[in-house]
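Keep the viewer open as you read.

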Amino acid sequence: MGRAGMEEEALIVFNELDSALKTTRIRNVVIGLLLKMGRVDDALRNRKVGLAWDVLHDVMKKGGALEAAPCNALLSALGRGNEFERMRELMAKMEEMGIKPDVITFGILLNRLCKSRRIDAAMEVFEKMSGGVKGVSVEPDVVIYSTLIDGLCKVGRQEEGLRLMEKMRSQSGCAPNTVTYNILIDGFNKVGDIEKGRELFDKMKEEGIPMNVSTLNTMLDGLSRRGRLNTALEFFNEMERKGLKGNFVTYTILITSFCNVTNIHKAMELFDQMLSPGCPTDAKVYRRLISGLSQAGRMEDASFVVSKLKEAGFSIDIVSYNVMIHGFSSKNKPDKIHEMIEEMEASGVKPDSVTYNALLAYLGKHGDFESAYKVFDRMLNEGVVPTVVTFGTLIHAHCLDGDIEKAMRIFRDMGSKSKIPPDTVIYNDLINSLCKKNDVEQALSLMEDMKDKGVRPNTQTFNALFKGLRENNLLKKAFQFMDQMVEEDCNPDYITMDILTEWLPGVGETERLRKFAQGYPVLEPQPQQKDGIVTLFKPIYPIKGSWGTVATSTSSKQGNENYGEAGLVTKEKTDPIAVFSRPPPPPPVFGPLLALSLLEALWSRNSDDD
């Protein structure tokens with residue numbers, strides 16, 4: 001009855017049988033049948049004792065001759081539910097009943113432990129299975145070894161995996177195979193050690209182990225992740241010449257990688273190659289190329305790939321529609337945008353928040369607020385929840401339009417009605433617009449609001465503020481925010497230095513600017529030298545001006561994170577700069593070379609004026 005697909009009827013018959021007729025053989029069949037039906041999983045999910053578990057225990061209790069096979073089936077079902085305590089209980093019961101676990105038993109146990117990242121527990125089981133503990137001695141096979149090596153690689157223990165492969169070689173009749181090598185190559189590639197991956201690949205060739213398309217894809221993925229696309233392409237061509245053809249995963253890796261570096265010509269060349277007869281395709285590779293082309297503004301090419309996708313029998317997903325809409329928006333093609341929306345509706349693909357945000361951005365950019373709010377209302381009516389990007393898009397549009405009052409109303413509604421917290425980008429738009437309208441007081445109140453809400457300002461936030469503070473010559477506030485940047489390791493950029501160098505020297509605050517450029521707080525006094533605790537900077541970029549010659553240290557990105565031993569060149573008006581045990585770090589992004597070079601011209605001018 002079970003073989004005829006009448007599982008439920010078979011169980012009814014079994015339950016109605018006289019207990020004397022329920023032989024061990026029949027019980028084993030029933031256990032297998034229950035597991036096949038998935039009844040055990042359902043029981044375990046509900047935390048109830050399943051019928052299969054009951055039958056198995058019944059057999060064990062009555063001393064029936066139970067085989068390892070039904071125990072393995074139950075063990076596998078328990079593993080799928082991550083019921084490790086029940087798995088341990090079953091293993092203990094098997095030991096008690098003298099049921100010898102086989103290599104499949106241990107394979108199931110190790111597989112589940114590795115998948116749940118319990119690698120140390122898996123290694124303990126591995127040692128016991130081959131160590132003859134409690135009379136159990138099962139020789140691990142290549143599947144067991146490969147499972148463990150994969151588990152080790154997934155938790156970053158590649159070297160241990162490599163050692164385990166060497167141990168594998170020492171076991172008679174258990175040599176590493178293609179899967180074993182693929183796992184290790186992928187493991188080392190994932191942590192950026194592609195040289196080791198290549199070494200393993202060469203060893204694989206040397207030992208005559210056959211390579212498959214997974215080997216090819218693993219190598220290409222590792223090389224592409226490290227930006228070595230030319231090497232990846234050469235390797236791909238070499239493998240093709242040797243008869244190892246790529247599949248859709250191969251082309252997805254290569255096309256995506258070339259799109260990421262905006263080499264659209266090569267991406268399209270690979271796409272044409274993929275379309276050649278005999279090469280299987282997948283929707284994913286088409287969608288990746290559509291995304292790359294749309295982001296590069298190549299909308300005609302993107303439309304061509306869409307047509308090829310449809311010819312291949314695939315459909316456009318929501319992500320592809322969204323990138324196409326964004327692409328047509330950047331090209332100002334309202335007809336094409338409308339066409340995409342109509343096609344989405346005809347295909348039954350519902351717009352999501354990304355779709356609506358793209359439409360709002362386009363309409364807002366062109367000042368069509370009436371249509372924008374119709375789209376926003378439709379978004380709400382369709383049950384699509386607005387995101388922080390939605391509100392940020394509307395706020396940005398109103399800021400561009402010069403309507404800061406409307407932008408502030410949306411900002412306040414976010415907190416009072418929508419309960420969506422604003423992000424740094426929204427604050428930056430508002431602060432920049434307020435400063436442009438010379439409403440520095442309200443901009444400063446937004447900075448306080450950011451602090452209260454735990455939103456971290458970035459360089460663009462401070463740049464917008466510095467512009468407003470400069471127009472009102474609010475020096476003390478500027479110094480406070482300069483110190484905040486130093487304290488929060490918020491790195492100035494060339495815009496920051498441009499604003500400050502146009503302002504501060506003209507009001508006699510060049511020394512504070514110099515301290516800021518070196519990464520020091522500007523409101524604190526210069527640190528004084530104390531006996532035994534002073535470290536002098538190594539001069540790397542002398543700047544000559546009316547203050548003599550000044551020198552700075554290298555930043556942490558340019559050299560050692562610690563300050564090395566060096567002398568400080570000083571003259572006349574330049575005080576020695578002493579660095580104590582924990583000095584403020586220099587800004588690492590633009591570095592002292594760029595910051596101080598921006599000041600050199602200014603100081604040189606001052607020197608000439610003198």
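Are Phe 411 and Tyr 427 buried or exposed? Both Phe 411 and Tyr 427 are buried. Please keep in mind that this is a predicted model.

**The chain as a whole**

Let us step back for a moment. The protein chain has 31 helices and two strands. Of its 610 residues, 47% are buried. Among contacts in the chain with a separation of 6 or more, 62% are between residues 24 or more positions apart. The chain exposes about 31500 Å², and 50% of that comes from carbon and sulfur atoms.

**Aromatic pairs**

There are nine aromatic pairs in the structure. One of them joins Phe 376 and Phe 391, and this pair is edge-to-face. Phe 376 lies in helix α22 (residues 369-381) and Phe 391 in helix α23 (residues 388-400), so their pairing ties together parts that are 15 residues apart in sequence. Phe 376 has a relative accessible area of 12% and is buried; Phe 391, at 6%, counts as buried too.

Now back to Phe 411 and Tyr 427. Their ring planes stand at 75°, and planes over 60 degrees apart count as edge-to-face, so this pair is edge-to-face. Phe 411 belongs to helix α24 (residues 404-418) and Tyr 427 to helix α25 (residues 424-436), so the pair links parts of the chain that are 16 residues apart.

Here are the two pairs side by side:

| Pair | Centre to centre | Angle between planes |
|---|---|---|
| Phe 376 and Phe 391 | 6.2 Å | 65° |
| Phe 411 and Tyr 427 | 5.4 Å | 75° |

Elsewhere, Phe 271, Tyr 286 and Phe 314 form one aromatic cluster.

**The nonpolar core**

In soluble globular proteins, nonpolar side chains tend to be buried together. The largest nonpolar core here has 147 residues. Those with the most contacts inside this core are Leu 148, Ile 255, Leu 289, Ile 395, Leu 430, Ile 431 and Phe 466. Helix α28 (residues 475-487) gives the most to the core, with seven residues.

Which residues does Leu 430 touch, not counting those up to four places away in sequence? Leu 430 touches Ile 395, Cys 399, Ile 404, Ala 407, Met 408, Phe 411 and Leu 446.

Definitions and conventions: Residues numbered from 1 in each chain as written. Predicted model: local features only at pLDDT ≥ 70, side-chain atom pairs only at ≥ 80, totals over all residues. Heavy atoms only, no water. Phe/Tyr/Trp six-rings, centres within 6.5 Å; stacked < 30°, edge-to-face > 60°. Helix = DSSP H or I, 4+ residues; strand = E, 2+ residues; numbered from the N terminus. Buried < 20%, exposed > 50% of the residue type's maximum accessible area, 1.4 Å probe, protein only. Contact = heavy atoms within 4.5 Å. Areas by Shrake-Rupley, 256 points an atom, 1.4 Å probe, with all protein chains shown as cover. Core = buried A, V, L, I, M, F, W, Y, C linked by side-chain atoms within 4.5 Å.
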